[in-house]
Structures are given as C-alpha cells and as structure tokens.
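Subject: Structure handover

Hello,

Here is the structure I promised to pass on. Please open it first, then read my notes below.

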Amino acid sequence: MKKIITISREFGAGGGTIGQLVAQKLNYDYYDKEIIMEAACHANVDMERMLRYDERVPRNFGFAQSLFNFYNRPLSEKVFQAQKEVIRKIGEKGNCVIIGRNANSILREYDRALHVFVHAPMYYRMLHMKDLMPDTSEEKIMDELQSVDRIRKKYCTFYTDTVFGMSQFYDLSLNTAKFGIDGCADIICELAQM
C-alpha cells in the first residue's frame with residue numbers, strides 16, 4: 001500500500017480536486033496551501049511574502065543570469081527549503097496526499113510513494129476553469145493557464161533539476177479529459193492500494 005501520494009498538475013486540469021477525492025477515499029490527510037502556511041512559520045516569513053514566492057522562481061531570474069548571482073535568491077531559497085522540510089515531515093508521517101510544490105522530487109527516495117502527474121489539453125482546462133469562474137473571459141483564462149504553467153515549469157526546473165510533466169519523474173500520468181476527475185481519483189486509489 002502506498003502511504004504517500006504526490007500530485008503534480010497542470011493548471012486547470014483538476015489536480016487539486018482529484019487530490020481531495022483521493023484523500024477522502026483513502027482517509028488520508030490532504031496538503032496543499034497548508035504546506036505554505038507551515039513553511040512560512042518555519043522560515044519566519046510573513047504569509048503575504050510566502051504566497052508571492054509560492055511555486056515561483058525569483059522574479060529577476062532570466063536566461064542570461066547566473067544561478068548564483070541574483071539579489072533575491074536568499075528569500076526564495078529560504079522559502080523553498082522551509083517547504084522542503086515541511087514536505088519531508090509530512091512524508092515521514094505518511095497517509096497523505098500532497099499537491100504540487102515539487103513533492104514528487106522532494107520525496108522521490110520514499111519507497112511507499114506514488115507520484116502522479118495530472119494534465120489535460122488546453123481547451124479542456126479552459127472549459128474546466130470557465131465552470132469555476134463563469135464571469136471571466138475565455139481569453140483571460142487561456143492567458144492565466146499559460147502563465148501558471150510557465151511559472152510551474154520554471155519553478156520545477158530551477159529547484160529540482162527535473163522537467164515538469166516529463167514522464168520519467170512520475171509513476172503515473174493521467175489525462176482528465178480522457179478519464180474525468182472521478183475516474184482519475186479512482187485509478188489513483190486503486191494503484192495506491194496495491
């Protein structure tokens with residue numbers, strides 16, 4: 001039986017909802033923004049600043065800039081290290097579903113873990129987000145989908161030296177457009193109980 005389930009996800013693919021369903025079905029603890037709050041306490045960083053750095057690389061990090069030469073790295077590095085400590089403590093406790101924050105890389109050496117990547121085509125994700133935000137234009141939603149995906153990819157590469165969404169870094173990849181939210185949750189639960 002898998003005691004740790006990590007879910008990385010494209011924005012709008014339903015990974016958070018799937019994680020909540022899996023946690024309910026397996027009677028596991030569910031962690032998402034809670035990780036940020038606990039990490040903020042550990043890092044002595046106020047919550048507003050912590051949320052600004054959540055799943056983001058330093059703003060001034062660019063292609064031509066050295067990894068060791070940007071002025072705001074200490075705070076962003078401190079935030080990531082605090083989140084990493086919290087995620088490891090949660091992983092050691094077990095019986096948990098952790099959403100995002102590179103938990104699959106942080107907990108890759110844990111034997112009883114199932115690392116999942118949830119994705120879907122852009123149009124499906126836009127429709128999913130349109131249901132959640134009916135007053136927002138499709139164009140604005142599409143812009144947000146692309147922006148968040150780009151930020152998550154940079155964050156993943158920057159802090160873990162892995163590639164966001166690349167199959168070799170996950171045990172399972174699920175397309176919510178093919179299996180649906182409930183179907184994905186069922187598949188994860190079935191595999192977690194093996």
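Accessible areas here come from the Shrake-Rupley method with a 1.4 Å probe, and for residues only the protein chains shown count as cover. On that basis the protein chain has an accessible surface of about 10,300 Å². Carbon and sulfur atoms account for 50% of that surface.

Two notes on the source. This is a predicted model, where local features need pLDDT of at least 70, side-chain atom pairs count only at pLDDT 80 or more, and totals for chains, interfaces and linings use all residues. Residues are numbered from 1 along each chain as its sequence is written, and side-chain values use heavy atoms, with hydrogens and water left out.

**Layout.** The protein chain has 8 helices and 5 strands (DSSP runs numbered from the N terminus: helices are H or I, at least four residues; strands are E, at least two). From the N terminus, the order is β-α-β-α-α-α-β-α-β-α-α-β-α.

**Burial.** The protein chain has 194 residues, and 49% of them count as buried (under 20% relative accessible area, 1.4 Å probe, protein chains only).

**Cores.** A nonpolar core is a set of buried Ala, Val, Leu, Ile, Met, Phe, Trp, Tyr and Cys residues joined through side-chain atoms within 4.5 Å. The largest one has 23 residues. Ile5, Ile7 and Val22 are among those touching the most other members. Another core, of 17 residues, lies apart from it and includes Val86 and Ile90.

Best wishes

Note on methods. Buried < 20%, exposed > 50% of the residue type's maximum accessible area, 1.4 Å probe, protein only.
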